[in-house]
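Me: Please show the model, and then we can go through it in questions and answers.

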Amino acid sequence: MIIGVPKEIKNNENRVAVTPAGITEFRKHGHTIYVQTEAGKGSGFSDEQYTEAGATILSTIEEVYAIAEMIIKVKEPIESEYALIKEDQLLFTYFHFASSEPLTNAMIERKAVCLAYETVERTDRSLPLLIPMSEVAGRMAVQEGAKYLEKPMGGFGILLGGVAGVKPANVLVLGGGIVGTQAAKMAAGLGANVTIVDISLARLRYLEDIMPANVDTVMSNEYNIRDLVKSSILIIGGVLIPGAKAPSLITRDMLKLMKPGTVMVDVAIDQGGCFETSHATTHEDPIYEVDGVVHYCVANMPGAVPYTSTLALTNATLPYALLLANKGWKEACASNEELKKGLNVVNGKIVFKGVSDAWNLPYTEVSEVL
Ligand SMILES: NC(=O)c1ccc[n+]([C@@H]2O[C@H](COP(=O)([O-])OP(=O)(O)OC[C@H]3O[C@@H](n4cnc5c(N)ncnc54)[C@H](O)[C@@H]3O)[C@@H](O)[C@H]2O)c1
């Protein structure tokens, strides 16, 4: 198969979808790979390393889209890329369709085959291509939260771990999945008092067993969250309803219950956010304030640590990308339930229920396109 790896053009996105190690694997299976010049630069990989591994370097994004049967990317295509996408072209990347109606409509119109990293799902319902980035974002959420809690950064001016004779900070983590677990571990490691809320009692039981003594678990409901926000100085949002918009667990009126200088990090912003007052921000301009509460809502947090993120992501995506290249998307998806769940929009049809529900658009059973 002819595979194209464009350079990411979203603000401050330095990750790349295939490393030179990945190129070697594709070459071993007889595939041809075109990589846009400097695609790996931000992650520390040079054009020479790609060439040595067997890729051909192309100088423009237009050439990469024009030649490739499969495009492997990191982030969803942005508006300037829409027109480059061809009918029947396979796009394997993060899409997060449920948070962007224009993207959904554009991909329907281009009649591409859109296989979304974030909905590839194992039989145990885990999301293998979200896990590595969620691990990075969860750990980063505490690092960013601690930074913006500093007074000169606009925060309350508190050290997460406190010191002898001074109480540590209270950290509230919404959602005890991958993001929430990693965030709680980091915050607890820094000495904060951490509370994780989740709607899954089974998950809370598990977390209660494995977390250190400075982490409590509480059932997620409006009453408990309204109570917890009063005493929390860092709030991290990491809830997920797969393929759907995140629920608004912190409503605008709750901000008035918080201390001025409280910091809220909405990791779930790529699914629309779990705070009513969230809107997506970038690494260049990551925060804004509403009612004295600092909001950090960067939609591509792992992009700030591209070295770690690229390696973590490609470790997980490569086996699926190889399957797609070796068998073609139809056979690969027909024979692999995990990949099949990744199909979102195929030749103009929405085949993922959460996406059709989000935009009230017609839904087609995935079996009809295979
Ligand atoms: N901003 C970024 O850069 C970035 C990076 C990685 C992941 N994410 C996003 O972070 C979010 C979380 O990802 P994850 O991998 O941890 O997902 P996950 O599925 O592992 O965890 C989500 C958790 O949310 C819980 N949940 C669902 N509804 C809830 C509710 N009403 N109250 C409390 N908990 C609830 C679930 O039970 C689950 O435990 C996703 O939206 C993901 O896309 C963002």
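Reply: Asparagine 360 is exposed, with a relative accessible area of 73%; exposed means over 50%, buried under 20% and partly exposed in between, with a 1.4 Å probe and protein chains only. This is a predicted model, in which local features need pLDDT of at least 70 and side-chain atom pairs count only at pLDDT 80 or more, while totals for chains, interfaces and linings use all residues. Residues are numbered from 1 along each chain as its sequence is written, and side-chain values use heavy atoms, with hydrogens and water left out.

Me: What is the phi of asparagine 360?

Reply: Asparagine 360 lies in the segment after α14 (353-359); helices (H or I, at least four residues) and strands (E, at least two) are DSSP runs, numbered from the N terminus. Asparagine 360 is not a glycine, yet its phi is positive, at about 55°.

Me: Is asparagine 347 buried, partly exposed or exposed?

Reply: Asparagine 347 sits in the loop between β14 (343-346) and β15 (349-350). Its phi is positive, about 45°, although the residue is not a glycine. With a relative accessible area of 30%, asparagine 347 is partly exposed.

Me: How is the chain divided, and how far apart are the C-alpha centres of domain 1 and domain 2?

Reply: Domain 1 covers 2-112 + 306-368 and domain 2 covers 131-304, with bounds from an automatic or database domain assignment. In contact (heavy atoms within 4.5 Å) are 19 residues of domain 1 and 17 residues of domain 2. The C-alpha centres of the two domains are separated by 30 Å.

Me: At what angle do α6 and α7 pack?

Reply: Helix α6 spans residues 131-148 and helix α7 residues 178-189, and their axes are 7 Å apart. Axes are lines fitted to C-alpha atoms, for helices over the stretch in contact, and angles run from 0 to 180 degrees between N-to-C directions. The packing angle is about 35°.

Me: Which residues of α6 make the contact with α7?

Reply: From α7, the contact uses Ile178, Val179, Gln182, Ala183, Lys185, Met186 and Ala187. From α6, the residues are Ile131, Ser134, Glu135, Gly138, Arg139 and Val142.

Me: Is glycine 155 buried or exposed?

Reply: Glycine 155 is found in the loop between α6 and β7 (170-174). Leaving aside neighbours within four places in sequence, glycine 155 is in contact with Tyr148, Leu149, Glu150 and Gly261. Its relative accessibility is 3%, so glycine 155 counts as buried.

Me: What does glycine 292 touch?

Reply: Glycine 292 is in the loop between β12 (287-290) and β13 (293-296). Not counting residues up to four places away in sequence, glycine 292 touches Pro260, Gly261 and Thr262.
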